[in-house]
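Q: I have a model open and would like to learn how to read it. Could you take me through it step by step?

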Amino acid sequence: MAGPLFDDSLAVLVATLADLVDGEFVEAGTALRDASGQLTFIAGREAADDAERDKLGAALIEALGSYARTDRPISFRGDSGSERLLSAPERLPVKVGDRFCQVIDRRIVGAGWLDEPTSVATDPPRVVFATLKGGVGRSTALAIAAADLARRNRNVLVVDLDLEAPGLGDLLLASDRTPEFGAIDYLVEDGLGGIADSDLYRFIGSSGLTQGGGGRVDVLPALGRRSNNQPENILPKLSRAMIEDVVGGNSIPVAAQISKMIARITAREQYDVVFIDSRAGLSELAAPAVLGLGATVLLFGTAQKQTIEGYRALFAALQLLAQRDTAAGRDADWRMMLKPVYAKASLDASVSERFVDEMYELYSAHLYDAETDGAEAIDLLRFARSDESAPHWPLIVPFSQSFVDFDPGRNADQLTQNFYEQTYREFLSGLDAAINASTFASEPNA
Amino acid sequence: MNAIQPDFAVLRDAIAAFDPSPRVEPNATISVEEAFLPAGHRGVLDLRRQLVVGNRGMGKSFWTHALLSGDLRSRLAEVYKHPQLANADVVIGFNGSSKESPTAPTVDEITSLYAGGCDPDLIWRAVMIRIASRALPGKHSGSLDGIIASLGTDPNLYSRILSQADDESARTGKTLLVVFDALDRLGRDWESIRQLTRALLALAVGLQSFRAIRAKIFMRVDQFADQELFRFPDSSKIKNDHVDLFWRPAELYGLLLFELLRDPQASGPLKELAEREDAIAALPNTGAQIWSSEETQARIINGLAGEFMGSNKKRGRVYSWLPLHLSDAAQTCSPRIFLTAWKKAAEHYPAPAGRAVDHLGLQEGVRQASSSRLEELYEDYPWIQPALEALRRQFVPMEREQLFELWASERVVDRIREKAASDESRTPVKFLAGDEPSALLSSMRDVAVMEERANGKINVPDIYRVEAAILRKGGVAVPKRRG
């Protein structure tokens, strides 16, 4: 592993060009990183002469080693294709040292994390239940929150987007309640023949959590009865579900497809809130849910180091998107919709204090605005550490042995209010507040 | 804090003047002002949920009629946050009326079609075609037999007309909501009622593929408990998200306060009382049940009736005692019965000082309400009377065998059949399955007049036990107070 590695490559490119030309030259251009990781630079001005072109190209090949695009290490404004790249909206402003470099990151896997996040809250409000790791009680919390809302006369739509490891359908729907189709079928068929409004009800099952004297809990499972009857088709369908649809020459990102799917279902029946169960981890499948649905995103995690480090990878990626939004004059308010959930919390106050500290550090370092001396500092997105209404302030789900064998699909009676009240009330109240906050946000200039 | 002393005599007079409305008659109208809207009834207005199940007096007919009132419907849409309801076109599909209507068939029309051998499914399709085609060109407005004959020659007529109506409704942003109530009057025997009801439920399941056409079917608890009714494909689609119509204690108290607020004399003193108790938030000024804590509401009730059912807390708190003692085996109480208990309590003499009613009045109120409730139930379920009367002066909880022996020795099953005479719908629907004693017990449980304890013993809740002179087993014998 001689020469610069991935983590060094961009810094080497920036340093090389800043030395040979100047910092201004770097900031006015755009670095393009291809799918393999090799870099090429597009300068923001025309080349002075062929000598400059050759000199800089040779220097980059020399400095970057295997991270240089040897066929074309550098191009200039006026070269074919350069104009489009220099003004590409997907350019990410990446801070290298004390200066910004615009980067276009071409990915085959994980491209979903580069889509523009949605700040527009939806009606009805959406809440994504996401985790980096499994086994932190995410599905249990979702089921209890749905049951509690139904008890309070609210209608809930639950969407299982955990297509690679579906489980929520089984948790909430006994087998005789499972609908014919699931989200996976919607995403496959929508890209081809489309789905008529009159068929949408065939994707929805009525959960046993629906209360005769309260609200409804409807479920759009990942897999429907058809998939269960023909399991050999699940993997082939999955690989076709999570791709962009091409309609009339325009590609429609998966997040937009999912968002439309939810909007069509909620337009058809009255719902007060939509809960979305999302893929655990940083994979491609989690991106649309976290970024593209206009949802409040609950990030479940324990107070362990692995949770904090997992969040850091996610937040650092989001930081680039926020910088891109800010550079383009967008408010990046989607940052306000990310909410940590401290799961399996212990009674040890010092642990939860530490968790708040760490969350505050993470949000401050990656999501909140940097403080500046400028006069416009009033509009900055910044919060005090102990502000309980701030995005970083976690919702808490205490650890309870009672919920280990939780299976409300088989045993709906298990979910009496007394059963969950003590453990979950604080979480449920916090969730209520988050839902109400996003409802207000959706009111035009109220 | 206690500077204001509300005029309790005025409040007492207002309570005594309650006129708990009897059954809502077919084709009655309900005004916006007189409607109290419990939070827990939101599901009734959910267009997705086509089946609403309720015991006698829980509001089936109230909601049928509320849905039909345009003014009230706009208000319901707003209060309950069901915006689609404001744009609904609500039509009666059946309500047990004998009056002719351009949409709903009369009882006689249905029974004669069925007796003539017409397929129940075709009857309901014809009803839906007649309703759906009102806004369409073409003539399907005549008698049902005419439409049924057309259905025989043109099998696609139903889906064609309903699809056209669906497109039309969707285009104008409206929903066509067809309401069915009083299904127990679909026939004079359970088998035909069951066949017609089952066909109606199946038809409603089929409506799910339309965007803008829905049914709302109101059903009695005893019919809903009939397993046979749901023996058709996809029946779970309508059963799984059915709505149970009942009242929670906080909703019953909300109604009480609402009725007092509507009284021009009493509203002033009630607001003074609420102010004194720092509980203004618990007053349902608009008729919509607002979400305040039960403690706040209880402070007003304590002010009206005292906190305890006696001189101290050993006798229990009024706020929880009253709904508990008025509740049936399903743990609920009808609003009419609740108001009746208060009315009778306010008529009890002597009037207490510093409150509107006292625990002695409330005890009397519960006894009178109990009698009133039984009268009401006998109208819907005449078989309850002989079944309960056989238990007179017996002790509950009792063993199942003992209950069956009592029923046998009193010839209860025979008497139910004799009393029903030619109208078989006056026997329990479960008699269809044979084994009448078990069917009767099961039906008594369905209508919440009896309950089976965890140990298998049969009990009768207080509200029915006292009036039917059934005794409760106890350890300490108490001399009778009643005289």
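**Reading the interface and a helix**

A: Happy to! This is a predicted model, and between chain A and chain B there are 15 residue pairs in polar contact, both residues at pLDDT 80 or more. On the side of chain A that touches chain B, the residues divide into 4 nonpolar, 11 polar and 10 charged.

Q: How many salt bridges are there between chain A and chain B?

A: Look for a side-chain nitrogen of Lys or Arg within 4 Å of a carboxyl oxygen of Asp or Glu. Here the count between the two chains is 4. One to click on joins the side chains of A:Arg216 and B:Asp46, with N to O at 2.7 Å.

Q: How much area do chain A and chain B bury between them?

A: Buried area is what two parts lose in accessible area on being put together, summed over both. For this pair the value is about 1,900 Å², with 38% of it on carbon and sulfur atoms. In residues, 25 of chain A are in contact with 23 of chain B.

Q: Which scores go with the model?

A: The ipTM is 0.80 and the pTM is 0.85. Chain B has an average pLDDT of 89, and 94% of its residues score at least 70.

Q: Which residues of helix α3 of chain B are buried?

A: Buried means under 20% relative accessible area. In α3(B), residues 70-79, that applies to B:Leu72, B:Arg73, B:Arg75, B:Leu76 and B:Ala77. Their cover includes α2 (60-68), α4 (83-86) and β2 (88-94) of chain B. After α3(B) comes B:Lys81, with a positive phi near 55 degrees.

Definitions and conventions. Residues are numbered from 1 along each chain as its sequence is written. Chains are lettered from A and ligands numbered from 1 in the order in which they are written. Side-chain values use heavy atoms; hydrogens and water are left out. Buried means under 20% relative accessible area, exposed over 50%, partly exposed in between (1.4 Å probe, protein chains only). Helices (H or I, at least four residues) and strands (E, at least two) are DSSP runs, numbered from the N terminus. Contact means heavy atoms within 4.5 Å. pLDDT is the predictor's confidence in each residue, from 0 to 100. Buried area is the accessible area (1.4 Å probe) that two parts lose on being put together, summed over both. A polar contact is a pair of N or O atoms within 3.5 Å; within protein, one must be able to donate a hydrogen and the other to accept it, and residues adjacent in sequence count only if both atoms are side-chain atoms. Ala, Val, Leu, Ile, Met, Phe, Trp, Tyr, Cys and Pro count as nonpolar, Asp, Glu, Lys and Arg as charged, and the others, Gly among them, as polar.
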